[in-house]
Amino acid sequence: MSKPAVETFTGTDELVRAAAARLVAEVVEAQRLRGSASVVLTGGGTGIKLLEWVREAPGDIDWSKLDIFWGDERFLPVGDPERNEVQARAALLDHVPVDPSRVHPTETSSGDYPDPIEAAGEYSAAVHAHLDEHGSFDLHLLGMGGEGHINSLFPHTDATREEHELVVAETHSPKPPAVRITLTLPAIRRTRHVVLIVSGEAKAAAVAAALNGASPLDIPAAGAIGSESTTWLLDEAAATDLPR
């Protein structure tokens, strides 16, 4: 497992541009080395702005040789604007020639698997199939909440305690909506390069705790470690509590 590196940026716009450039660079390099690439996307305002930047400056990405997954998803009906998938399609995926068969959203609450446990099982099958063939994800992008949550892994929950399953249903999320599908810490650790993108002074304490050895049960972001690299991209406000 890799030792975390920290990069700090003046403001949110600079941070998001850097994260977008990192996505492009990692995808292009993975395709150069292995012929294809895989990215696990994050939602939220920063995650979607990042995709908009990639849309404007996609570099040399071969969209036909890219697999897209999501770190978590709100278990809502198909087409619901709060779903990360819907937002990601509007920001980027509907505007580039990605292979539809290589886009792997979770099931919706109005789909063939309206039970979240069954939906998690379906997504787990897709994740396992990819990892069985390729060994790892190439890049996992993560935002972080003020209490240190990543994906839908919140402090002191069964989903965060999970040590074996790669995908679980979170049915009592402290952040609405209550029902979600999420990749677990074991799944995150099946990634070559993990990048956490964090902005805002309200998250500074959790950033410092994660980087100073907090338990993942207390600060789930502390457990987000890539096999080759782990990088924290922070704006100056989020880095407030780190040593100068």
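## The nonpolar cores

Let's start inside: the largest nonpolar core has 47 residues, and Leu23, Leu41, Leu50, Leu51 and Val127 touch the most other members. Such a core is a set of buried Ala, Val, Leu, Ile, Met, Phe, Trp, Tyr and Cys residues joined through side-chain atoms within 4.5 Å, where buried means under 20% relative accessible area (1.4 Å probe, protein chains only). Helix 1 (residues 12–34) supplies the largest share of this core, 8 residues. A second, separate core of 24 residues includes Leu196, Ala210, Trp232 and Ala239.

This is a predicted model, in which local features need pLDDT of at least 70 and side-chain atom pairs count only at pLDDT 80 or more, while totals for chains, interfaces and linings use all residues. Residues are numbered from 1 along each chain as its sequence is written, and side-chain values use heavy atoms, with hydrogens and water left out.

Helices (H or I, at least four residues) and strands (E, at least two) are DSSP runs, numbered from the N terminus. Helix 1 has 23 residues and reaches 32 Å from first to last C-alpha, close to the 33 Å expected at 1.5 Å a residue (1.5 Å times one less than the number of residues). Its buried residues include Leu15, Val16, Ala19, Ala20, Leu23 and Val27, and also Arg22, Glu26 and Gln31. Glycine 35, with a positive phi near 90°, follows helix 1.

What does leucine 50 touch, leaving aside residues up to four places away in sequence? Its contacts (heavy atoms within 4.5 Å) are Val16, Ala19, Ala20, Leu23, Leu141 and Ile197.

An open sheet of 6 strands runs in the order 1-9-8-5-2-3, with parallel pairing; strands pair if DSSP finds at least two bridges between them. Strand 1 (4–9) and strand 3 (66–70) are the edges, each pairing on one side only. The twist averages 20° from one strand to the next.

Strand 5 (residues 137–142) and strand 8 (residues 191–198) share 5 parallel bridges, and leucine 139 has histidine 193 of strand 8 as its bridge partner.

## An aromatic tie

The whole structure holds 2 aromatic pairs (ring centres within 6.5 Å; planes under 30 degrees apart are stacked, over 60 edge-to-face, the rest tilted). Phenylalanine 69 and tyrosine 123 have ring centres 6.5 Å apart and planes at 50°, so this pair is tilted. Phenylalanine 69 lies in strand 3 and tyrosine 123 in helix 4, so the pair ties together parts 54 residues apart in sequence.

Technical notes. Buried < 20%, exposed > 50% of the residue type's maximum accessible area, 1.4 Å probe, protein only. Axes fitted to C-alpha atoms, helices over the stretch in contact; angles between N-to-C directions. Phe/Tyr/Trp six-rings, centres within 6.5 Å; stacked < 30°, edge-to-face > 60°.
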